[in-house]
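Please look over the sequence and the 3D structure shown here, and then read the report that follows with both at hand.

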Amino acid sequence: MSFDTDAVHAAREDLTALGAHVPPIDLSTTYPVGNVETGGASYENLATGGTPAAGDSLVYQRLWNPTVGRLEEALARLEGAEQAVAFGSGMAALSATLLAAVAAGKPHVVAVRPLYGGTDHILATGLLGTRVTWVEADGVAAAIEPDTGLVVVETPANPTLDLVDLTALVRQAGDVPVVVDNTFATPVLQRPLELGVTIVLHSATKFLGGHGDIMAGLVATNAEWAGRIRSIRALTGGLLHPMAAYQVHRGLQTLPVRVRAQQDNAQVVAHWLTKQDAVSQVFHPSIEGCDPQGLVGTQMSGAGSVLAFAVESYAVAAAVAQSCRLITHAVSLGGVDSLIQHPASLTHRPVAPEARPAASVLRLSVGLEDPADIVADLRQAFAAATAQDGPAGQGSQAGQDSHGASSRHLRELVDHS
Ligand SMILES: *Cc1c(COP(=O)(O)O)cnc(C)c1O
């Protein structure tokens, strides 16, 4: 079946025989075990990362839930993985993956910056017992040590939209499994496992859910790693709630359509931004110079719908974000509505200063609105942020800053950031 058909039908094939049209939601926290011997064997299997065989007791929801299992089967299909494991958030999925490496006696992580702020933070703190070496994409091979358990990379990266050549990276990593955060691309645009990557990670809170109303995380990988990660999940308790699993599974049905339509809109917005005096740089793989290795069209089938752009200063960036009306000033991305945020203040706040995004940069997740309305909102936000005071304005009392904007206006906006 084609990808789009799988998105609609994966892990739903048994429904007609069940006499149902949409998946049932199983909310049981516990399950009858029946026979003590076989129940005990089921417990042993599930607690050590196994999957249930037909007729097995499911024992306890933290070990296995059929509604979550359906979502996992569907996402595995879309990523071309043997299995997937679902968590209550992207960070829970990442944490379980890191713990699986630590548990295997390989706590050293080679991490390619830039990464999502939370990923950077958890690696920088070593909270889970990992030890990190930060590298650029071409420095992976040199950073591998005998106890390196994982290479962690994000492409497109957050928030600069840098692209990393995964085939080259996998070659550098040698025997060390590569983890790719595929949150920005989704399997619609990029399937890292086909390039030799071992583990794909998702914040399903973003595109997979797609409507800003579910927190979820997913790992797609081979059966061996999935088993190890599931056993960590059983112990540490990061299971996704079955209601949320149902919603993410539903979200997958429209994923290809949403991703492509949002991408079309983002392309319009990105190109419009390149023509604005207020914008000094646009970061989106569709923009000339942003994809020097030519990975769009090869590794990725498209540029995606998250972009970033630089304005003149922090003050202007803050004022633009706060002046948007249609576009919500909020973190997160990948939903049907457009969101704008200031990474240095918010998502990338915990990142070390040398790796933190510039203070003049804003990130925009482009949604499904008419791109003309998105552009109009940005136009009025730029105007508000860089407004010269007219004859009727208060400029004479407020004073002008070096960018010609009302400094009092900007200060007020910045103070409330
Ligand atoms: C949001 C995000 C995460 C973290 O996921 P949560 O669901 O918020 O825990 C990880 N990676 C990327 C790229 C993200 O955007």
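## A loop residue at the surface

S280 sits in the loop that runs between helix α11 (242-274) and strand β8 (281-283), and in this model, which is a predicted one, S280 is exposed, with a relative accessible area of 58%. Because a residue counts as exposed when its relative accessible area is over 50%, the value of 58% places S280 in that class. Although S280 and E312 are 32 residues apart along the chain, their C-alpha atoms are separated by 6.8 Å.

## A strand residue in the interior

V110 belongs to strand β2, which covers residues 108-112, and V110 is buried, with a relative accessible area of 0%. The C-alpha atoms of V110 and A142 are 9.9 Å from each other, and these two residues are 32 positions apart along the chain.

## The nonpolar cores

Which residues have the most contacts inside the largest nonpolar core? They are V178 and L218, and the core to which they belong has 60 residues. Domain 1 (3-253) and domain 2 (256-414) both contribute residues to this core, and therefore the core lies between the two domains. There is also a second, separate core of 29 residues, which includes L273, V279, F309 and V316.

V316, one of the residues in that second core, is also among the buried residues of helix α12.

## The surroundings of the ligand

An N or O atom in the side chain of D181 is 2.6 Å from a nitrogen atom of the ligand, while an N or O atom in the side chain of S203 is 2.8 Å from an oxygen atom of the ligand. For T205, a polar side-chain atom lies 2.7 Å from an oxygen atom of the ligand. The ligand taken alone exposes 380 Å², and the protein buries 94% of that area.

## Cis peptide bonds in one loop

The loop between strand β4 (148-154) and helix α8 (166-173) contains P156, and the peptide bond from T155 to P156 is cis, with omega near -5°. P159 is also placed in the loop between β4 and α8, and the peptide bond that joins N158 and P159 is cis as well, with omega about 10°.

## Residues with positive phi

V59 is a residue other than glycine that has a positive phi, near 65°, and its place is in the loop between helix α3 (36-47) and helix α4 (66-79). Because buried means under 20% relative accessible area, V59 counts as buried at 12%.

T186 is not a glycine either, yet it has a positive phi of about 60°. T186 is found in helix α9, which covers residues 186-189, and T186 is buried, with a relative accessible area of 0%.

Notes
Residues are numbered from 1 along each chain as its sequence is written. This is a predicted model: local features need pLDDT of at least 70, side-chain atom pairs count only at pLDDT 80 or more; totals for chains, interfaces and linings use all residues. Side-chain values use heavy atoms; hydrogens and water are left out. A polar contact is a pair of N or O atoms within 3.5 Å; within protein, one must be able to donate a hydrogen and the other to accept it, and residues adjacent in sequence count only if both atoms are side-chain atoms. Accessible areas come from the Shrake-Rupley method with a 1.4 Å probe; for residues, only the protein chains shown count as cover. A nonpolar core is a set of buried Ala, Val, Leu, Ile, Met, Phe, Trp, Tyr and Cys residues joined through side-chain atoms within 4.5 Å. Buried means under 20% relative accessible area, exposed over 50%, partly exposed in between (1.4 Å probe, protein chains only). Domain bounds come from an automatic or database domain assignment. Helices (H or I, at least four residues) and strands (E, at least two) are DSSP runs, numbered from the N terminus.
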